[in-house]
Amino acid sequence: MSVIVNGREVDTAPRAGQCLRTLLRDTGHFGVKKGCDAGDCGACTVLLDGEPVHSCLIPAFRAEGKAVTTVEGLATGDGLHPMQQAFLDAQAFQCGFCTAGMIVTCASLNQAQKKDLGAALKGNLCRCTGYRAIEDALLGRVDVEQVAAGEAFGRSLPAPAGPDVVRGRARYTFDTAIKDLLHVKLARSPHAHARIVGFDKRSALAVPGVHAVLTHEDAPAALFSTARHEQAWMDPADTRVLDDVVRFIGQKVAAVVADSEAAAEEGCRRLIVDYEILPAVIDPAAAIAPGAPVIHAGRTAAHRIADVSRNIVAESHGEFGNVAAALASATATYEGTFTTQRVQHAALETHGGLAWFDDDGVLTVRSSTQVPFLTRRALCEIFDLAPDQVRVFSERVGGGFGGKQEMFVEDILALAALKMKRPVKLEFTREEQFIATSTRHPMRVTVKAGADKDGRLTALQLDVVSNTGAYGNHAGPVLFHACAESISVYNCPNKKVDGIAVYTNTVPAGAYRGYGLPQTTFAVEAAIDELARQLGIDAFEMRRRNIIRPGDPMLSPPAPGHSDVLYGSYGLDQCLDLVERAMAEATPVPELSAEWLKGEGIALTMIDTVPPDGHFADAVISLRDDGGFMLTVGTAEFGNGTSTVHRQIAATVLGTTVDRISLRQSDTAHGGHDTGAYGSTGTFVAGRATQAAAEALAETIKRFASDRWNVAPGACVIADDAITCGAHRLAFAELAKASGSPLTASGNSQGTPRSIAFNVQGFRVAVNKGTGEVRILKSVQAADAGQVANPMQCRGQIEGGVAQALGAALYEEIVIDDTGRVINPRFRDYHLPSYADVPRTEVLFADTHDSIGPLGAKSMSESPYNPVAAALGNAIRAATGIRFTAAPFKPDRLFPQLQEKFGE
């Protein structure tokens with residue numbers, strides 16, 4: 001058939017059942033993205049005869065004779081379409097995976113549609129931005145700045161990839177064409193717990209195009225964790241590439257390798273697996289009960305599992321002072337049990353990757369990962385390969401949120417490539433993301449708190465049960481983190497923690513934005529509010545009386561605190577003041593009937609800026625022949641903005657502009673090491689390495705100039721793309737020629753000492769007592785991010801974090817039935833926030849300068865998420881007089897208690 005794509009006629013023969021999205025990608029139009037393949041996300045939006053459509057829903061043959069316009073074809077010539085320019089001016093993207101489809105939709109809107117953006121954009125989801133920047137683009141606002149040489153840091157500069165992102169030219173994991181590619185699909189268990197007795201591969205291998213069916217018999221028996229950390233002690237060794245025991249519905253049991261995805265999928269359907277069904281346990285309370293099935297039978301403490309017989313993978317117990325006595329003597333006490341649910345990361349780019357052997361015989365893995373260096377380390381250990389035999393790299397990553405601090409696909413890709421000696425591809429479907437990757441840890445948190453008559457805390461106690469699912473990836477660190485900063489932010493002489501992370505036969509939990517703190521903060525901040533209410537103390541004042549201040553120890557049991565966590569700066573007091581003033585300001589309030597109850601609530605959080613026990617980053621920077629610089633870092637870009645900030649740091653130190661800094665990143669072939677872009681370290685740790693490298697190169701340049709002109713290095717100044725020593729001046733391009741050999745310097749960061757960052761969230765809400773609906777009337781967040789590296793970008797991180805957290809607080813929930821099966825494994829059954837759902841959040845920054853972070857900056861990527869559910873719960877409590885203790889705050893969950901209190 002013939003179809004006009006971006007003004008050019010394309011003759012093609014679509015496969016049976018092929019959709020327009022895959023046809024367009026097959027012809028090299030990689031701006032058309034796959035986010036759901038169900039018409040739910042809009043990442044694949046194109047214009048079909050001028051009308052926006054989700055190309056994943058359009059059979060390819062229906063495009064015959066029609067005109068298709070992708071994001072690449074919106075503009076004519078080398079220029080940009082006005083909507084592409086608007087998105088660039090407003091920087092209306094973060095990871096950018098949704099941006100091509102979003103731009104196509106926005107470019108098609110007429111003036112009437114622009115008056116109701118909630119309806120107009122209902123078919124396009126963005127997981128990163130919180131939508132404010134997208135609204136700015138549609139309103140024609142310009143949020144970027146232009147600055148002089150040496151003044152980049154602290155300014156709102158655009159992302160270097162922006163022009164490619166808005167054109168659809170930015171390359172993500174699968175935006176490439178590889179010859180002789182084989183496709184991998186995974187057969188998955190229908191049982192929550194079973195032993196594999198055997199396979200019958202004959203029917204699967206008979207499918208035309210199927211080359212192999214790989215099972216546990218073909219894979220190494222090595223035990224590891226999918227979680228990627230610098231230190232092995234953080235996670236249990238409880239996982240195999242392919243196992244002969246399955247522990248949750250959806251666990252992979254075999255990999256089918258074929259010429260096409262369709263053939264591989266058919267091979268999976270025809271594969272016969274003989275199972276011996278084992279008893280399963282779904283609830284964590286049942287899992288730790290005497291006589292419960294042992295989920296990881298045969299493992300020992302040597303596998304870093306705390307108590308195999310009780311299904312406890314990790315635990316934390318400790319007490320400072322005497323909590324029981326303090327509660328007995330307190331003027332006011334509160335006790336409550338709070339529960340939080342499973343939620344999905346929902347990054348629009350699913351897990352996946354490609355693997356092949358390069359011309360030198362190096363196993364090369366291109367994957368959607370936050371941790372390429374740690375993934376290479378794991379592959380080397382599992383497959384007994386030397387580091388120089390394996391390369392792992394990521395292109396631009398379409399969202400992470402902690403979910404890609406895992407190794408879910410790279411081990412299978414390596415196995416298939418090693419077996420087949422051909423390039424292989426594995427790309428998860430959206431359903432696989434829900435049933436077979438990881439979620440946030442659901443927790444049950446019991447909090448006890450006491451205070452004296454003056455509102456001073458005398459007791460804080462946490463009892464935490466965390467459901468880690470079938471495997472213990474991140475189980476321990478999430479538990480320890482959850483029980484740390486949530487209470488160490490408060491001065492209190494008596495503290496106690498009892499926490500366990502429990503195996504169940506359910507989809508595994510893992511790293512998720514906030515890393516346990518949102519779950520426990522939900523409980524702790526409710527307790528602080530309830531004590532304040534009993535004592536008649538204002539919520540802000542109650543916190544001011546109890547928060548830590550510089551010089552106070554940051555304590556949480558069982559340990560006395562990490563000695564390398566310092567007050568690099570402190571802005572929590574400012575954050576409280578900023579939110580209090582903002583909440584007091586008069587704002588327009590919609591007219592609401594008497595059915596609506598109004599209330600306000602706040603919550604605060606603290607976060608260590610780096611995970612404990614080492615987080616490493618290397619950086620190298622060189623002067624190019626043209627007078628620009630080449631900066632090489634290991635950290636990945638997935639919407640966290642590190643590629644922008646690293647250039648800002650280097651440009652500021654070297655007295656140049658960001659356009660003169662070229663960046664290479666997230667590739668083990670570049671040398672050095674980088675623990676990974678997680679735990680808010682992309683700026684705080686890797687940025688310090690970049691600063692160190694740039695400062696070292698600046699000193700090298702000064703020494704060269706001082707030797708050349710026989711002046712003291714201290715008399716030399718770097719500014720305006722040149723080195724000046726008194727009356728002598730040499731432009732960087734001239735310096736590169738004069739030096740005779742490349743001028744290069746390196747920098748390193750060890751992730752210690754660490755600092756602390758703070759966030760305070762405030763909400764004004766209205767709750768309909770007749771239906772349980774919650775409306776957010778005002779949202780404010782103040783952040784202590786140190787010297788803010790890029791205010792526009794940091795604001796976007798905070799807005800996106802608030803939006804994502806609101807989704808979890810109000811409606812997002814992975815539902816698992818009593819057999820352990822995920823029953824809503826698609827976006828349309830899992831409510832992701834859309835444009836119409838997300839209120840605009842007023843973002844305010846404390847005025848601080850961190851003594852540890854790069855050029856005074858601190859981390860601010862995951863912490864904005866942490867106080868949201870707690871603040872919302874406190875606001876709903878203020879409005880209704882009811883303390884709701886289970887998230888999410890869905891109308892049907894709120895309605896029974898509202899009806900009991902207010903019903904006639």
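What radius of gyration does the chain have, and how does this value stand against that of a compact globule with 904 residues?

**Entry 1: the whole chain.** I worked on a predicted model. I looked up the radius of gyration and found 27 Å for the chain; a compact globule with 904 residues would have a value near 29 Å, so the two agree. Along the principal axes, I noted a box of roughly 80 × 75 × 65 Å for the C-alpha atoms. I then recorded the burial: 64% of the 904 residues count as buried. The secondary structure comprises 26 helices and 31 strands.

Entry 2: I examined an open sheet of four strands, whose order is E24-E23-E22-E28 and whose pairing is mixed. On average, and with direction ignored, neighbouring strands are turned by 20° against each other. I looked at E22 (residues 617-623) and E28 in particular: they run antiparallel and are joined by six bridges. Within this pair, I located Ala617 opposite Ser749 of E28. I also noted that helix H22 (residues 686-709) packs on the sheet, where it touches E22, E23 (629-633) and E28. The direction of H22 makes about 150° with that of E28.

**Entry 3: aromatic pairs.** I searched the whole structure and found 12 aromatic pairs. I opened the pair of Trp356 and Phe393, which is edge-to-face, with 6.4 Å centre to centre and 85° between the planes. Trp356 belongs to strand E14 (residues 352-357) and Phe393 to strand E16 (residues 390-393), so this pair ties together parts 37 residues apart in sequence. Both Trp356 and Phe393 are buried.

I next took up Phe522 and Phe889, also an edge-to-face pair, at 5.9 Å centre to centre and with 65° between the planes. Which parts of the chain does this pair tie together? Phe522 lies in helix H17 (residues 517-535), and Phe889 in the loop between helices H25 (868-880) and H26 (891-902), so the parts are 367 residues apart in sequence. I checked burial for each residue: Phe522 is buried at a relative accessible area of 2%, and Phe889 counts as buried at 2% relative accessibility. Finally, I recorded that ring pairs link Phe338, Phe522 and Phe889 into a cluster.

Terms used: Residues numbered from 1 in each chain as written. Predicted model: local features only at pLDDT ≥ 70, side-chain atom pairs only at ≥ 80, totals over all residues. Heavy atoms only, no water. Pairing = 2+ DSSP bridges. Helix = DSSP H or I, 4+ residues; strand = E, 2+ residues; numbered from the N terminus. Axes fitted to C-alpha atoms, helices over the stretch in contact; angles between N-to-C directions. Contact = heavy atoms within 4.5 Å. Rg over C-alpha atoms; globule rule 2.2 N^0.38 Å. Buried < 20%, exposed > 50% of the residue type's maximum accessible area, 1.4 Å probe, protein only. Phe/Tyr/Trp six-rings, centres within 6.5 Å; stacked < 30°, edge-to-face > 60°.
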